[in-house]
Amino acid sequence: MNVTAHARALSLRTALGLVILAGCEASDPTPTARVDAGAGDGGAGANCSADSTLRPVVEGTCTRPADDYTPRSPSSDAWPACIADSNAYAPFEASISALSRVAAFEEIRSLLGFGSAKVPSSDDFLQARVLYSQDQGIESRVSRREDEHYAAAPKLCRDMSEAELVTYRERCVGPAILRPILNDAFVKGIGGETPTVQAARIEASLLAWLYFSVFKESTSARDAAKDCDSMWAKYSGGRPRESAEHVSLARYVHALSVETHERIYDGLLAVRCWRDLDNPTGVATNTSLHLRARTQLDRALLRGLALVTAQRAEASAGCSSAWEGVRVLGAVLAREAKERDAAKGAALEAALARTPEVGGPEVARLLVEIFPCP
Amino acid sequence: MTSSAAIGLVAGVASADTLAADPATARPPAETNAPARLEADLDPEDVTARGGIVGQATSTVTARDMQERLARSTPEALRYEPGVFIQQSAHGQASAYVRGRTGQQTVLLFDGIRLNNASWRQGPNQYLFTVDPRTIGAIEVFRGGASTRFGSDAIGGAIAMTPLEPQEREAGERGAHPRAFGRYGSADDEWSLRVQNDFTLGSNGSALVGFSTRRVGLLRSGGPVFGDGGAPVLVPAFADDGRTQLGTGFGEVTADGRAVFRFGEDARIVAAAYVHRLFDVPRTDQCPAPYAPRSECLRVDEQFRTLAYVAYEDRLGALANRTRAVFSYQRQHERRTLRRPASAIENTGRDAVDTLGASWEATSEAFRLAPRAALTLKHGAEGYFDTLASRSWLAFTDIDVVRELSRGQYVEGSRYLQSGAFAEATLTRGDVALIAGARLGFVAASAPRDASSGTERVDASWWPTAAHATLRWRPAPEWTLLANVDRSFRAPNLDDLTARQQSGPGFLFENANLRPETTLGAEIGVRFEEGPHRAELWAFRSRTRDAIARSYRELGDCPPSTPACTASWSRYQLVNLLGDSTLDGLEASVQAAPWSWLRVRANVSFAYGDGPNPQPAPVLGGSDYAATVPLSRVPPLNGTIELRMAPTRASYASAGLRWATAQTRLAPTDYSDARIPLGGTPGFVVADVRAGVRIDRSAAVFGAIENVGDVAYRTHGSSINGAGRSLVIGFEFGW
């Protein structure tokens, strides 16, 4: 065979071989069978309801700062007239995408039976994780959530490596603290390991995410006015303050203290009022009014979150699975607790490290003291 | 004049100043099917290019152009063409705007075979990138409506690629010509290699077989670009050096084989297969998406194209003096995965379109009607039938759980037929020619209902029509005046009717009730040609009725069970606009060769698009509501200048300048598109210099310094910035 023939044969073989090699498409993923690790033993405190000890708090007379916005009686505050004086939230936009994430939270709450005696099954956890993982869903927002109470890190948390996240874990609360808890709780829940404990951890992490998100949106509303809508949606699910059926964080707070819920709503409207007064179609510049509104809102939110945590702490004595959730939420509140009263803040952290029987009542007492009626 | 003589004449002209070693593998389309009985007193333009359109604004990129421009991809090879503007959604994706339109509003043809299929989405797409430029002998760009010839989608124009042909050999000539091509690019650490062999097959056949591989790394730009007030652009994400763009790089493998058998003097059969495989192509604007963690990335794991066909060409009498029948099979396969490693989540989607095609086209001989008058007829028909498979999955990688979702981006089992027949006559009398043609099309779409995702059943068909008329007058041998009127159409495809996807501006969902969009276009042109000098000026206007555009939607409009829709910041649905949208423009190009060793080429293009606001006017009115808004992503005023010096036939040096002004005319959807800087895309001026030398017939070396000024720039609508100052080296070696 001459050189030409060799080259021709080699070309044909090479082409054929390469086409075959290059033509292979990867096989499709094979859906796994239904996850069925059973309901497990429920773990510590299984078959108990953390909501069983839920009793409305009797609020005393609240002393409010004079510069608070009071939309329920707008003539009595020192704020200029604004759109929120109607005592109703007026959205900037007709569609608020944050409502979709609130809806996902509600579905997860139902699936995992937050606060109830339900022992969620492996499949409940898997379905909940699917909801959590939806495109543009809660996971996407947990992964980017920063705690605006802390100074900004040298770069955005979403751009950080794992090691950098550890360094800035307080600021990078979503990716550094909440996301690992949620990942771990979903995996263990799907694996049938102490499902009620995992449900409590997921509940607490998502409530913390809602709290951080409301505060963050009230901050970033300076640049994007429509973030006010997200703030409002994440607390109330986009519902009026007097809604018969509350959802999201409002559900928890309203069940414990109507007045705290009203004060949070006042805070939401304070932010909305500020944004109405401060260049609503562009970037806001009135930093002092912004700070007033934000401070009012956060004070009320912290009280609400403290009440929720205190209630779960009290329940932990008889329903120990709730305790892991208390630890998550208690750590969120510890920052502000230490700022307000260093000794009590330290006591709170110490109590969180104890067993639910011992630490639960102590945590509940401290939280009510540190975070009084807003 | 014989066929071979005609070919020789054209090839001789083409290669007079060419550095390309092998004219037979770089023949422009005009020569490929040059008619045997070309009438000496007829205009060659009337009877030449396969699939060409007589009298329309056209430009051609030759193999030599591509070799000297050292283009990374087929779309990039068009960067210096008038009326063409290249947008890149990713490093491994690029889309050519022709007269302000791209993607599904232009037609791509490879050897006359339609590449468009029913899954091509609105706006830029990646599919021109999936044609290996090293398999192309020439690219013709037809600007303006061309549905009469090419059917649905050709409302902006058509890009027709002619493949490399195996070399015809004289008796006794060596039967095999292996050749290797290599390339290195420093901007993205690109290494590529193509090996091919051109050889005889028996006594009447020849073949060209090639294989290439390419590995491309992260692309270094000149730096970030900024919007109004210095606002940073959300995409792409940069590495710590502020220049290297994350979400770039890819791998590529291609293989191709083309065999040509000749029977008698006129007939030939072509059997060809082209396999193009792209791997690990990040979608730059989603890698990461705006605001997402840096570890997240939407990556096209597999972007595969397979094209195989058999073509029969012959002379079958006076009415079919040149006839071509083609049977083709194509498969477009795409697997993409959004990886969110920090949460152990992977969203995978897989879409595949299988297309069976058949086409037939014939050109009559020139019937002499009078001493200086003749009539030529062209006629043809084609049908392309698509079947679409589409699935998607959600996986949790930490627990090895995979869930299949109720539907993919499209609906599994959808079908689409694009078909039609056309006839065209060219009547010449003296210096005047009238070309007129018409098409009757039939397009049908079907998709099953999917109750779980709230997807409506689609069962639609249309009988769209197209027509065109061209008047050409040559008042003097050097001058040609042209006037065209054209009606073209684009029928909604399965992407329009069924797809749900995250697009640049937000979540886009289907509209099963769309109607075809039709464009009535008019253009006038003047052309000057004298020896190597050539100049053209075109003015065009196109008016589109029922234009398909994105309209903002509220949460309540989202289809059921589609959380990605309700969770997205912005949601859009395609709608037929009420009222006409218009695209007006000017194109000018000049080529001059004051000396035989110097050639200058320059062009300027401008398009201005307006259309009805897709959003209805507010019931109570609004001070900022505009009834007419700019069309989305229409390129800004742009142009190029190329200066080429060839002191010897074996060497050249050239310099190129690409420029564009800022584009601040934005459509409503552009404002939520993270790829477009706040207020619009800044203008740029980028210079390239190139040089090459052929050592002998078997070896050549080419080089270029791209973006000499290291300018930070991006073309309007792109996700990535252009390469920074970088070196490109290419070589060719064979025997």
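Colleague: Let's start with one side chain: does B:Trp191 count as buried or exposed?

Modeller: Keep in mind that this is a predicted model. B:Trp191 comes out at 57%, so it counts as exposed.

Colleague: And which label does B:Tyr184 get?

Modeller: B:Tyr184 has 21% relative accessibility, so it is partly exposed. The two rings also pair up: the centres of B:Tyr184 and B:Trp191 are 4.6 Å apart with planes at 45 degrees, so this is a tilted pair.

Colleague: How many aromatic pairs are there over all chains?

Modeller: A search of the whole structure turns up 21. Take A:Phe105 and A:Tyr252: their ring centres sit 6.5 Å apart and the planes make 50 degrees, so they are tilted. A:Phe105 belongs to helix α2 (residues 98-112) of chain A and A:Tyr252 to helix α9 (residues 248-256) of chain A, so the pair ties together parts 147 residues apart in sequence. Both A:Phe105 and A:Tyr252 are buried.

Colleague: Over the faces of which rings does A:Arg272 lie?

Modeller: One is A:Tyr89, with A:Arg272 at 5.8 Å from the ring centre. Another is A:Phe92, where A:Arg272 is 3.8 Å from the ring centre.

Colleague: Which residues does A:Tyr235 touch?

Modeller: Leaving aside residues up to four places away in sequence, its contacts include A:Val214, A:Val247, A:His261, A:Leu268 and A:Leu301.

Colleague: Last one, the sheet in chain B. In what order do the four strands come?

Modeller: Read across the open sheet, the order is β26-β27-β31-β30, with mixed pairing. At the edges are β26 (501-502) and β30 (548-552) of chain B, each pairing on one side only. Inside chain B, strands β27 (residues 507-509) and β31 (residues 571-576) run parallel, joined by three bridges. To find one of them on screen, go to B:Phe507 and look for its bridge partner in β31, B:Arg571.

Definitions and conventions: Residues are numbered from 1 along each chain as its sequence is written. Chains are lettered from A and ligands numbered from 1 in the order in which they are written. This is a predicted model: local features need pLDDT of at least 70, side-chain atom pairs count only at pLDDT 80 or more; totals for chains, interfaces and linings use all residues. Side-chain values use heavy atoms; hydrogens and water are left out. Two strands pair if DSSP finds at least two bridges between them. Helices (H or I, at least four residues) and strands (E, at least two) are DSSP runs, numbered from the N terminus. Contact means heavy atoms within 4.5 Å. Rings of Phe, Tyr and Trp (its six-membered ring) pair if their centres lie within 6.5 Å; planes under 30 degrees apart count as stacked, over 60 as edge-to-face and the rest as tilted. Buried means under 20% relative accessible area, exposed over 50%, partly exposed in between (1.4 Å probe, protein chains only). A charge sits over a ring if NZ of Lys or CZ of Arg is within 6 Å of the ring centre and within 35 degrees of the ring normal.
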